[in-house]
Amino acid sequence: MGISTGVGVALEGVHASVAALNALTLEDASLAAGIGVGAGVGAGIGVGADVDVLQRRYELRLERMELRSRLQAQLMAGQAEDVVQALEFQQAMTPPGATVQDRTYAEMSAVEETAGVLTLSSAAAGAFVEQSRRVCSLPLVIDALAAGAISWQHARIVADETEGLTPDAAAALVAHFFDPAAPNPAGGAAPGELVPSRFRAKVRAWRERHHPETLEKRHAKSVADRRMEYTPDRDGMAWINLYLPGDTACAIWNRTTATARGLQGPGEDRTLTQLRPDIAASLLLGAASTTASDTTSTTAAENTMGIGRIPTPRADVLVTVPVFSLLGLTDEPAILDGLGPIPASMARRLVADGADSFYRVLVDPRDGAPLEIGRTRYRLPETIKQWIRMRDGTCTFPGCSNRSPDNETDHLTAWEHGGTTGASNLGQLCPKHHRLKHARPWIPDTATEDEPPGWTSPTGRHYNAEHQDHEPTHWPQWLMPPATPCVEANPEDLPPWEPDDDNLVDLNDLSPDDPLWAEFFAKPFALFPDCVGVLR
């Protein structure tokens with residue numbers, strides 16, 4: 001067993017990264033010698049070459065951080081392959097006629113040696129071994145890690161999300177994110193350009209859609225595992241965790257967030273993060289106290305929170321549903337804003353039960369692109385706002401995962417500088433990054449109707465935008481040609497979405513002020529009569 005291609009690539013990358021680090025360190029040393037380390041601090045440096053030197057030394061720190069991050073990934077690629085090969089060598093040294101028990105002990109011994117070398121517990125070493133095996137079994141992933149294009153955390157996410165998949169399904173998932181030549185590859189920012197939490201969300205969404213077992217069946221099994229957990233912590237604190245169906249958990253989060261927003265003001269010192277648990281505790285203990293006839297403590301809690309005096313703002317949530325899934329003709333998952341994929345039955349229930357805080361978003365069966373957003377009132381600015389929420393998903397600032405209910409719709413180019421109020425000039429920003437955009441030169445790209453903006457930092461680094469993974473929807477089997485399963489269809493082979501009829505109006509031809517819009521959006525959404533039984 002020689003050194004594999006992955007290890008060789010990783011070693012070459014390590015040498016290149018170390019050489020680049022040395023060059024940057026020498027450059028920084030020469031700059032420091034030229035101005036004197038710490039020169040100018042408190043001395044009012046503000047003009048000429050000194051400012052440029054300080055700026056360059058600042059940029060050198062960023063470049064070295066980036067190189068060390070790449071170096072860590074390259075070293076981890078070598079570490080993972082060494083761990084896997086060490087166990088292979090141990091098994092190769094085991095006599096061919098050894099019993100299963102002897103082979104098990106040989107692997108246990110190798111794992112314990114690994115634990116000792118890496119100063120890990122036995123359990124942590126065992127987990128690292130299994131993760132390394134899965135990562136090394138995915139050539140595109142280990143190659144990306146060896147090149148420093150992704151971190152070990154990204155590689156672990158792929159290993160976690162491919163667990164339980166068939167080899168073909170795992171290969172398809174990896175190809176979608178790591179092979180530009182794959183059918184319908186992931187767009188926007190590359191895996192290594194996404195923070196791990198956002199990368200996991202994208203990988204999990206793809207996995208839920210393509211898993212060999214439907215989300216409906218897996219959700220039905222998981223509902224039985226719902227529970228509440230209590231964990232004491234230090235400093236007199238404790239954790240309460242709830243494992244609930246996604247729509248219920250999402251509703252709890254959105255209600256506490258909206259109520260917290262309503263409580264914020266000049267007389268409220270608590271942050272949004274502090275208000276959420278206070279509100280949840282007040283509502284839960286208030287209900288419990290009422291049951292126990294302890295009305296005094298209930299009133300005190302409500303008065304302290306002010307919940308009874310503050311109107312709770314509306315917490316609108318987008319539910320993106322494939323048309324055929326909404327009609328009960330397929331079980332393709334929907335997407336719940338702030339959560340991710342949910343079973344089709346859950347989406348149908350949210351729509352059919354008339355939950356007024358949920359906006360349905362129908363998607364085109366041909367390519368998965370949004371068709372329209374349902375609403376109960378006609379206001380063009382509100383429609384644009386909901387469309388931007390659906391397009392962006394989170395705050396568009398690089399690395400931010402703040403969810404849309406907390407975000408603000410911002411003009412990418414300010415109105416006073418000629419910016420328009422349209423999808424290409426709007427993007428979601430959380431309050432923190434909204435303030436930063438106006439305080440420092442973080443420059444957003446122009447967006448499109450379907451793609452959020454990328455960003456350029458004050459030092460000129462460009463960060464690509466995260467794109468949604470739109471795919472052709474699943475078509476009912478009876479609409480497909482004979483002997484064709486209900487799978488993703490080629491848009492070019494499908495019938496036109498709208499028939500050729502002179503009585504139909506193309507909504508793209510209407511101006512925003514046309515009265516037909518008001519009539520169109522005033523009509524409630526109605527399911528076909530034959531589908532009502534399916535939805536209930």
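Me: What makes Ala73 and Trp152 contacts of leucine 145 in this predicted model?
Reply: Contact means heavy atoms within 4.5 Å. Leaving aside neighbours within four places in sequence, leucine 145 is in contact with Ala73, Gln74, Met76, Ala77, Ile150, Ser151, Trp152 and Ala155. Ala73 and Trp152 are therefore on its contact list.

Me: Why is the set that includes Leu145 and Phe178 called a nonpolar core?
Reply: A nonpolar core takes buried residues of kinds such as Val, Leu and Phe, joined through side-chain atoms within 4.5 Å. The largest such core has 37 residues. Val141, Leu145, Val158, Phe178 and Phe199 have the most contacts inside it.

Me: Which helices supply at least two residues each of this core?
Reply: α2, α3, α4, α5, α6, α7 and α8 do. The most comes from α7, with six residues.

Me: Which residues does the second core include?
Reply: Val319, Leu326, Leu336 and Met346 are among its 10 residues. This core is separate.

Me: How do you know that the buried residues of α9 line one face?
Reply: Leu215, Glu216 and Arg218 are the buried residues of α9. Seen down the helix axis, they fall within an arc of 165°, so they line one face.

Me: What makes Lys217 exposed?
Reply: Exposed means over 50% relative accessible area. Lys217, Ala220 and Lys221 are exposed, on the face of α9 turned away from its buried side.

Me: What do the buried residues of α9 pack against?
Reply: They pack against α8, β5 and α14.

Me: Where is confidence lowest, and where is it highest?
Reply: Helix α18 (residues 532-535) is lowest, at a mean pLDDT of 36. Helix α6 (residues 152-162) is highest, at 96. The mean for the protein chain is 79, and 72% of its residues reach 70 or more.

Me: Over which residues does pLDDT stay under 50?
Reply: Residues 288-304 are one such stretch, with 11 contacts beyond four places in sequence. Residues 375-380 are another, with 14 such contacts.

Note on methods
Residues numbered from 1 in each chain as written. Predicted model: local features only at pLDDT ≥ 70, side-chain atom pairs only at ≥ 80, totals over all residues. Heavy atoms only, no water. pLDDT = per-residue confidence, 0-100. Helix = DSSP H or I, 4+ residues; strand = E, 2+ residues; numbered from the N terminus. Buried < 20%, exposed > 50% of the residue type's maximum accessible area, 1.4 Å probe, protein only. Arc of directions from axis to C-beta.
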